[in-house]
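Trainee: Pick one part of this model and take me through it up close, please. I'd like the packing story told in one go.

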Amino acid sequence: MPPPSSSHQRYGMQSFQARKFVMLTPDAWNYRLMEVTKVDSAETFRSLICYNLGISDANDIQISVTSPGQLEHKETLEDGFLMQLLQLADASANLKIFVRSPQSIAASAGHGTDFVNSPFLPMHDKLTAGRKPIDEATYAKLISADPGEGAASPAGRRLGAG
């Protein structure tokens, strides 16, 4: 059997480099897929992150490794470690990265933004922001209710009616 490279040459195919991806999140809730296959420097990596998340200044972002649902991010990665981190990137985007910017910090402090309507705020926080939290019995009813029985439906049925 000929080596794999000869079959590529025979059919006019170029050698294949596996694409690598990471998942970015500015809020630990919403993730964005970003290709990093050709990233060759920490500066390029930071710039690409900012471009993908709509952040204006790449110098002021803080980057941390994260996992789904993780809310605390204490360890910020320096540029020297970022390139080592990218070696963990793979085709399945198993590497997840939390990105904090001065813009996200200002938004969370409420400086001129409507944080409650932010698409980056988890639904639970939107429901309780500025109001008394929902009691446990009502919350349990809401999450366990069959959409046809008890929960509010698009047709306008009220909770408990059904």
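**A close look inside**

Mentor: Let's start with F45: leaving out residues up to four places away in sequence, it touches M34, V36, V39, L82, L86 and I97, where contact means heavy atoms within 4.5 Å. Keep in mind that this is a predicted model, where local features need pLDDT of at least 70 and side-chain atom pairs count only at pLDDT 80 or more, while totals for chains, interfaces and linings use all residues. Numbering runs from 1 along each chain as its sequence is written, and side-chain values use heavy atoms, with hydrogens and water left out.

Now zoom out a bit. F45 is among the residues with the most contacts inside the largest nonpolar core, along with V22, V36, I49 and I97; that core has 21 residues. A nonpolar core here is a set of buried Ala, Val, Leu, Ile, Met, Phe, Trp, Tyr and Cys residues joined through side-chain atoms within 4.5 Å, and buried means under 20% relative accessible area with a 1.4 Å probe, protein chains only. Strand 1 (21-25), helix 2 (42-53), helix 3 and strand 4 (96-100) each give two or more residues to this core, and helix 2 gives the most, with four. Helices are DSSP runs of H or I, at least four residues, and strands are E runs of at least two, numbered from the N terminus.

Helix 3 is worth a stop too. Its buried residues are L82, L85 and L86.

Methods
Buried means under 20% relative accessible area, exposed over 50%, partly exposed in between (1.4 Å probe, protein chains only).
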